Amino acid sequence: TGFTSYADMSLVSTATTAESAPTKGDIVFTYSNAVGTATLGTDLTVEYSADNGSNWTNFGIGPSDSQGTTGGHTIVTKHNVSLTSASGTAMRWRIKTLNQSASKATNIQAVSLGWS
């Protein structure tokens with residue numbers, strides 16, 4: 001038999017350089033529930049950074065931010081979230097899966113970060 005491990009994850013993108021320092025961020029991502037049901041904002045959190053990940057701004061996602069499903073994946077969007085962490089041009093996103101266990105396992109499929 002195989003070994004199965006359930007662990008909380010912190011997924012961090014590589015930095016992308018913005019042309020100028022942004023003040024707002026947008027996120028679109030998809031996820032699926034492999035086991036159980038993740039709650040947005042509790043079991044799944046999303047942040048962005050303009051200073052290469054030294055400081056983070058929380059997108060404040062919650063259950064009402066779910067935009068439905070496609071092919072078994074739930075689509076989540078959040079737009080025009082004001083940057084509250086340090087200014088800069090090295091843009092990164094970070095998604096955390098929390099409270100993962102044998103009864104709750106969450107998969108992340110795709111992430112897109114925008115800014116203005």
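**Figure 1. A salt bridge joins Glu 47 and Arg 94.** In this predicted model, the side chains of Glu 47 and Arg 94 come within salt-bridge range, at 2.6 Å from N to O. Glu 47 belongs to strand S4 and Arg 94 to strand S8, so the pair ties together parts that are 47 residues apart in sequence. Glu 47 has a relative accessibility of 12% and therefore counts as buried. Arg 94 is buried as well, because its relative accessible area is 16%, and buried means under 20%.

**Figure 2. Asp 43 pairs with Lys 104 in a salt bridge.** The closest N and O atoms of Asp 43 and Lys 104 are 2.9 Å apart. This pair links distant parts of the chain, 61 residues apart. Asp 43 sits in the loop between strand S3 (24–35) and S4. Lys 104 sits in the loop between strand S8 (90–97) and strand S9 (105–115). Both Asp 43 and Lys 104 are buried.

**Figure 3. Lys 78 and Asp 65 form a salt bridge.** The N to O distance between the side chains of Lys 78 and Asp 65 is 3.4 Å. Lys 78 lies in strand S7 (residues 73–82) and Asp 65 in the loop between S5 and S6, so the bridge ties together parts that are 13 residues apart in sequence. Asp 65 counts as buried because its relative accessibility is 12%. A search of the whole structure finds three salt bridges.

**Figure 4. Asp 51 is buried without a salt bridge.** Asp 51 is in the loop between strand S4 (44–49) and strand S5 (57–58). The nearest side chain of opposite charge is that of Arg 92, 8.0 Å away. A salt bridge needs a nitrogen and a carboxyl oxygen within 4 Å. The side chain of Asp 51 does have polar partners. Another runs to the side chain of Asn 55, at 2.5 Å. Leaving aside residues up to four places away in sequence, Asp 51 touches Ala 86, Ser 87 and Ala 90.

**Figure 5. Thr 69 and Thr 70 lie in strand S6.** Strand S6 covers residues 66–70. Thr 69 counts as exposed because its relative accessibility is 61%. Thr 70, at 46% relative accessibility, therefore counts as partly exposed. Thr 69 and Ala 102 are 33 residues apart in sequence, and their C-alpha atoms are 23 Å apart in space. Thr 70 and Thr 30 are 40 residues apart in sequence, with a C-alpha to C-alpha distance of 9.0 Å.

Figure 6. From the N terminus on, the elements run β-β-β-β-β-β-β-β-β. The C-alpha trace spans about 50 × 30 × 20 Å along its principal axes. A compact globule of 116 residues would have a radius of gyration near 13 Å; the protein has 15 Å, which agrees. Buried residues make up 37% of the 116 residues. Among contacts between residues at least 6 apart in sequence, 78% join residues at least 24 apart. The protein exposes about 6000 Å², and carbon and sulfur atoms supply 47% of that area.

How values were computed. Residues are numbered from 1 along each chain as its sequence is written. This is a predicted model: local features need pLDDT of at least 70, side-chain atom pairs count only at pLDDT 80 or more; totals for chains, interfaces and linings use all residues. Side-chain values use heavy atoms; hydrogens and water are left out. Helices (H or I, at least four residues) and strands (E, at least two) are DSSP runs, numbered from the N terminus. Buried means under 20% relative accessible area, exposed over 50%, partly exposed in between (1.4 Å probe, protein chains only). Lys and Arg count as positive and Asp and Glu as negative; His and the chain ends are not counted. A polar contact is a pair of N or O atoms within 3.5 Å; within protein, one must be able to donate a hydrogen and the other to accept it, and residues adjacent in sequence count only if both atoms are side-chain atoms. Contact means heavy atoms within 4.5 Å. The radius of gyration is taken over C-alpha atoms; the globule rule is 2.2 Å times the number of residues to the power 0.38. Accessible areas come from the Shrake-Rupley method with a 1.4 Å probe; for residues, only the protein chains shown count as cover.
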